[in-house]
Amino acid sequence: MYNILIGGAAGQGIDTTVSILEKLLKHSGYYIYTTRDFMSRVRGGHNFSLLRFGTEVITSHSYCLDGIIALNEETIDIHKHELKEQGFILCDSSFDYPDTDLRVLKLPMNKIAKELGNGKASASVAVGAVLKLFGEPFTYIEEVMADVMKKEILEVNLNAAKAGYAAVEAKFNHLEGGYKDYMLISGSEALGLGAVAGGLKFYSAYPMSPSTAVLEYLASVGHKAGIVVEQAEDEIAAVNMALGASFAGARAMTGTSGGGFCLKVEALGFSGIAEIPLVAVDVQRPGPATGLPTRTEQSDLKFVISASQGEFPRLVIALRNQEDAFYQTFRALNLAEKYQIPVILLSDQYLGDSTACVKPFDISGLKQVSHAKEAQGEYLRYRITEDGISPRLIPGLTDHIVAADSDEHDERGWITESAEVRIQMVDKRMRKLKGLIEELSEPEFMGVEHCETLLLGWGSAYGPIKEAVSLLNKNGKGSYGALVFGDIYPLPQEKLKFYAKGRTLINVEQNATGQLASLIREQTGIECHKSILKYDGRQISGEEITKIVLEGGSR
Amino acid sequence: MDKFKTYETAWCPGCGNFSILNSLKTALEELGIEPNKVLMVGGIGQAAKTPQYLNANSFCGLHGRALPAAVAAKIANEELTVIVNSGDGDSYGEGGNHFIHNIRRNVNIAHFVHDNQIYGLTKGQASPTSGEGFITGVQTDGNLNTPLNPVLLAIASGAGFVARGFSGDSKQLVSIMKEAILYPGYAFVDILQPCITFNKVNTFAYYKNMAAPLEDDYDPTNRLEAIRMSMEVSEKIPTGILYREDRLDFHRKNGILNDGTPLIKRETQDQVLKDLIGSFI
């Protein structure tokens, strides 16, 4: 497995460089796992991507580097201590970095680019050099570059890459992997694609990092898939638009990040009481308020499970990886439709912006549930039923009149203040939870079945925890397992109660207060013994978790 | 007749809402629209209860948020006649941002604002259109804020159909409402309406005296003239269609909807999904 870092200032073309490299390396058979770490600015600063590739499945980023591609000098200063002894630093000849470090590989990248007539093509010199360093052929690059670059600059960049390829010697061996025909997709793209599969017809959002990637992806496929993607004037409009569209029969979703979710909270309760299906995506970032806009955190869990005044059934699903993002978004749209409830999808910057190889999504088993129940006799939109689910007809597609009301209402949907009806309606709505709980997905167990130590996590910590469990068990000291939650509210409890018995429990979360541990304690009385918490906006890696566990400490 | 039926309301006897509701029902009857093809949308407030009081599909949403829900319902199914009835607090106060931006969006709906220059449901506080100096239990020194001029704001913001009606002139109101419902785009009507319980300044007699129907030779296609006419509120308050311009509405501008097939009647083909999946390989 190899691991390289591409770093530089915003605007230097890191994204394009990484995107070309990951496509080329996947094409040659490697499994790809790329994470993106960037600052909230359009120019300057220090941004980097970690591109990890190998011949086995990779689930976490790593800070043990085989190579640094430095587009500016700062990148070397910040990351050289993460570089392995036999690693390389690829940079421009003009950089003031001492040649006494034998790992450094200086190339006249800027000069080559200038001579070719476009100074900005210097990153392509690096692309060519990296291909050669890892023993890759120079065959597929034109196709990939044509895919991500404008026609006018294609030739000069190709020539730049060619020059870079010629300028270095191979350093690593090409490894034969079997992932050429896998998808290479980010969490946010997978989420959007899952929504397309789930029959999404309407998506409304206000741009907000890091959720904008979902908005952009859906906008890019809107025409093809017949989805209206509307940029709302604010998040309140976005969620109320989704509710209006959903009421009128279009599967609807709205997406944002924490601050935007705050604005949508009243409408979440409206979805609950008026029983209008809604999927609300929260791509988490560190808060509160503006927090760290482009970074990652898992600190909205306790917020979204209780967001909005009053009581109503809801489902919260934390997305665990790119594959999960696709299938769970499909499922979220179905469950929102089936139970006529709000379903909240929790992603985060780490998952949303990371790309990984995924087995091509299989849509053969995906069936959309129908949106309405037939009316028998008098049509009562909010008919009291045993399972709590009332017949939902679509206005205009039936001779019946359909009502939705944010006030408490009777079976017809008319406003009421009757104490008796109020109780019936609250009970009816809450009864939906019974069916919902029966179809919850239990957390995934990984590791040694009879382990001594059990890690507990949720959402995007899945990958790093998976790598950590594997590393810990290889280490030989103790035995380890983990439960990682996807469906998280209502909290599935069966496996938790089974595996928690007699084991040392450590919750691993990307927040400061241990929100999962707190939810587990509240719902089951089970207490975690230690916790590993990270809240600096940078995703914890499998190696970091391993190190902290082995040191016996909590963080 | 009376397809839209009559229900018991929670309004004060003598409230201007009654005649607005009756005018609306008459307009819908005269246009021959079936109740199951009408979607009435309201936010919160006394006027926003209108959808509860006629036989049509109804969506009683959140305070200030009638417009976003209404336009999206229309985007989902353009075969529905979508009408928002809500008050001045709901439309201009809590929902002011949506008012401006839905003028820009220009979805084909009608927006009827029952403008009584006061908050009725919360029992008598200043609204965005209350006059300066207007004393209430909250504005104890009199309203210090300049009143909003909704029709002026609408024309300035680029609305293609802007009218003002008066609840006391049903004949004119029915005619305006019909034009607004038929207008292919966002049609905005500010309706002067007395609040007999809380507004002792802008009474029925006040409006009766102030409301002045536009002359027959008034040209509603002249934007500058419409702006000038909208600014006239001190001597007389002109009523009628102040401004009208044909503009492409949301559905005609939208590359997905402009072929006329309602969004909810479109199926996404499996092949499209397979192609999208393939684009990542």
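Predicted model: local features only at pLDDT ≥ 70, side-chain atom pairs only at ≥ 80, totals over all residues.

Trainee: What does strand 15 of chain A pair with over in chain B?

Mentor: Strand 2 of chain B, residues 57-60. The two strands run parallel and are joined by three bridges. Within that strand of chain B, B:Cys60 stands opposite A:Asp405.

Trainee: And the largest nonpolar core, which residues touch the most other members there?

Mentor: The core has 245 residues, and those touching the most other members are A:Leu90, A:Phe202, A:Ala242, A:Ala245 and B:Ala73.

Trainee: What is B:Ala73 in contact with, sequence neighbours within four places aside?

Mentor: From chain A, the contacts are A:Gly244, A:Ala245, A:Phe247 and A:Ala248. From chain B, they are B:Leu39, B:Phe59, B:Leu80 and B:Val82.

Trainee: Switching to domains. What is the assignment for chain A?

Mentor: Domain 1 covers 2-167, domain 2 covers 184-358, domain 3 covers 372-439 and domain 4 covers 444-550. The C-alpha centres of domains 2 and 3 of chain A are 25 Å apart. Their contact takes 14 residues from domain 2 and 15 residues from domain 3.

Trainee: What does the domain 2 side of that look like by class?

Mentor: It has 11 nonpolar, two polar and one charged residues. Helix 10 of chain A gives the most to that side, with three residues.

Trainee: Now helix 15 of chain A. Why does its length agree with what a helix should span?

Mentor: Helix 15 of chain A has 14 residues, 462-475, so at 1.5 Å a residue the span should be 20 Å, and its end C-alpha atoms are 20 Å apart.

Trainee: What covers its buried residues?

Mentor: The cover includes strand 16 (444-447), strand 17 (453-458), strand 18 (480-485), strand 20 (504-509) and helix 18 (542-550) of chain A. Among the buried residues are A:Ile465, A:Lys466, A:Glu467, A:Val469 and A:Leu472. After the helix comes A:Gly476, with a positive phi near 90°.

Trainee: Where are the cis peptide bonds at A:Pro210 and A:Pro288?

Mentor: The bond from A:Ser209 to A:Pro210 has omega near -5°, and A:Pro210 is in the loop between strand 8 and helix 8 of chain A. The bond from A:Gly287 to A:Pro288 also has omega near -5°. A:Pro288 lies in the loop between strand 11 (278-284) and helix 11 (301-306) of chain A.

Trainee: What about A:Ala289, buried or exposed?

Mentor: A:Ala289 counts as exposed because it has 7 C-beta neighbours inside 10 Å. It is not a glycine, yet its phi is positive, about 50°.

Trainee: And A:Gln340, buried or exposed?

Mentor: Buried, because 24 other C-beta atoms lie within 10 Å of A:Gln340. Its phi is positive too, about 55°, and A:Gln340 lies in the loop between helix 12 (322-339) and strand 13 (342-348) of chain A.

Methods. Residues numbered from 1 in each chain as written. Chains lettered and ligands numbered in written order. Core = buried A, V, L, I, M, F, W, Y, C linked by C-beta atoms within 7 Å. Buried ≥ 20, exposed ≤ 12 C-beta atoms within 10 Å, placed from the backbone. Contact = placed C-beta atoms within 7 Å. Pairing = 2+ DSSP bridges. Helix = DSSP H or I, 4+ residues; strand = E, 2+ residues; numbered from the N terminus. Expected span 1.5 Å × (residues − 1). Domains from an automatic or database assignment. Nonpolar A, V, L, I, M, F, W, Y, C, P; charged D, E, K, R; others polar.
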